[in-house]
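Visitor: I am new to this structure and would like to learn how its features are read, one at a time. Could you begin with a pair of charged side chains?

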Amino acid sequence: MSFRGLLPSAVLALVFLGLQLFAAGFVAYGIFGDELYYLACTRHLAAGYVDHPPLSIWLLAILRVDGTSLLALRFFPALAGALTVLLAGLMTRRLGGSPWAAFLASACTAAMPVLQVVTGFYSMNALEPLIFTGLLYLLIEIQLSEQMKLWLLVGFLVGLGIINKHTMGVLAVVFVGAVIVSKWRLTFRSPYFYLAGLVVMIVILPNAIWMIQHDFISFEFYKNATVQKNIGTSPLKALADQVLATNPATLPVWALGVFTAIRRQKLAPFGIAFLLLLVFYVISGSSRPDRIVSIYPVMFAIGAIALSGVLRSALTLLILASAIFLAPVSMPLLPPETLGNFVRLLGIVPQIEKGKETKLPQWFADRFGWDTVASTVDEVIEGLPQEERSSVLVMAPWYAPAGAIELYSKYSPNTVSGHNSYYIWGLPEKEFKTIIVLGYPAEKLKTRFRSVKTAAF
């Protein structure tokens, strides 16, 4: 397999990277609320956090990104997305597809709005598609070359995936089930398959110990988020959301990929795993179509190979055109006002969490006003007597404003919250006479404090 045969996919991956970096560094959108929280987590390095495992935080700390540059903060997510696009082409070539079949698979991957969204800002979700697509490539290599030692690397990637996002464990279990159903007998005769399980346990051990020490608090969070945070969705709408999130133009490719995989012994686990995950997603009524985005690149690869040359060319043009048309919905390429008009014209303003309704998609709406929160707090601090300014505690209602104050306030006050990992970080040891409280009704505060004064709105 020559690099020349992968060149079209590589060029597309570079275009994807360039667009994401342009959107991150040169368009007037601010930092995303979740990014403020991830930066806050780097100031409390640990083997786990209430709402996510530690890998994404460790990586952010290693990169020494402080949030002052959005381009620096979002470079790695953009790179992860570009490498996922490239891996789709690489899988296609490894399965025997032509360079243009590989280009189609990469185009389908790059055209998915959901991939553009999750790799457009820093979070654990940006890393998952790359890790899982790399895992799928290794499984293809094992089947084609019968190099059983690669199972050790599979185990390492599964472990990394789990300490990045616990749902990777679900993906891995589903795939093992698909392997059992499809009778990959060679797999179960190899000791390396079982050693891979040992590698997984070694990699996830630090987070497992942390979970035990904290009474499995993350599982409690996931349960509560399902009930209180995420929007319940009917099976029909969940399926429609999946088609929209992966770009309707790619539907013929991945559907053909599933059909082809099911009919072929060596590819059957991929098709079975896809169907199991899709059924599980639809039945669960999840409002988060990104939950199973990582399984699509392999379906694109198999489907692209199965297509005839003429149909492949026609679909490639359609997919590229649809990607260009829909890109502003998932990448901040347009000014906010222009984007607002565009999504209203399309009738698309997705809502994925309860209590959040905006004129823009949520992944854009949560990028505005955080510096204003910090400057408002600074104005309140400046209105205090001089002797009180150096000893102020700020109480925020949730992690984004708390992180914004920590990042942007020129006074760097002690900031606390009861939300997610801020809950276990607790209160500073010293006492504070002055507390600035955001987002709580004054009447309720009067029952807890000696005196309450409204300082800003």
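Guide: Arg-74 and Glu-35 are both buried, where buried means under 20% relative accessible area, exposed over 50% and partly exposed in between, with a 1.4 Å probe and protein chains only. Please keep in mind that this is a predicted model, in which local features need pLDDT of at least 70 and side-chain atom pairs count only at pLDDT 80 or more, while totals for chains, interfaces and linings use all residues. Residues are numbered from 1 along each chain as its sequence is written, and side-chain values use heavy atoms, with hydrogens and water left out.

Visitor: How do Arg-74 and Glu-35 meet, and what is the distance from N to O?

Guide: Side chains of opposite charge can pair when their charged atoms come close. Here the side chains of Arg-74 and Glu-35 form a salt bridge at 2.8 Å, N to O; the term stands for a side-chain nitrogen of Lys or Arg within 4 Å of a carboxyl oxygen of Asp or Glu. Arg-74 lies in helix H4 and Glu-35 in helix H2, so the pair ties together parts that are 39 residues apart in sequence. Helices (H or I, at least four residues) and strands (E, at least two) are DSSP runs, numbered from the N terminus.

Visitor: Which residues does Arg-74 touch, not counting those up to four places away in sequence?

Guide: With contact taken as heavy atoms within 4.5 Å, Arg-74 touches several residues, including Leu-21, Phe-32, Tyr-122 and Arg-367. The relative accessible area of Arg-74 is 1%.

Visitor: Where do Arg-94 and Glu-141 lie, and what joins them?

Guide: A salt bridge joins Arg-94 to Glu-141, with the closest N and O atoms 2.6 Å apart. Because Arg-94 lies in helix H4 and Glu-141 in helix H7, the pair ties together parts that are 47 residues apart in sequence. Arg-94 is partly exposed, at 25% relative accessible area, whereas Glu-141 is buried, at 13%.

Visitor: Which residues are linked with Glu-128 in a network of salt bridges?

Guide: The network links Glu-128 with Lys-165, Asp-290 and Arg-291. Between Glu-128 and Lys-165 the closest N and O atoms are 3.4 Å apart, and both of these residues are buried.

Visitor: Which residues of strand E3 are on the covered face, and which on the uncovered one?

Guide: In a regular strand the side chains alternate between the two faces of the sheet. In strand E3 (residues 434-437), Thr-434 and Ile-436 make up the covered face, while Ile-435 and Val-437 make up the uncovered one.
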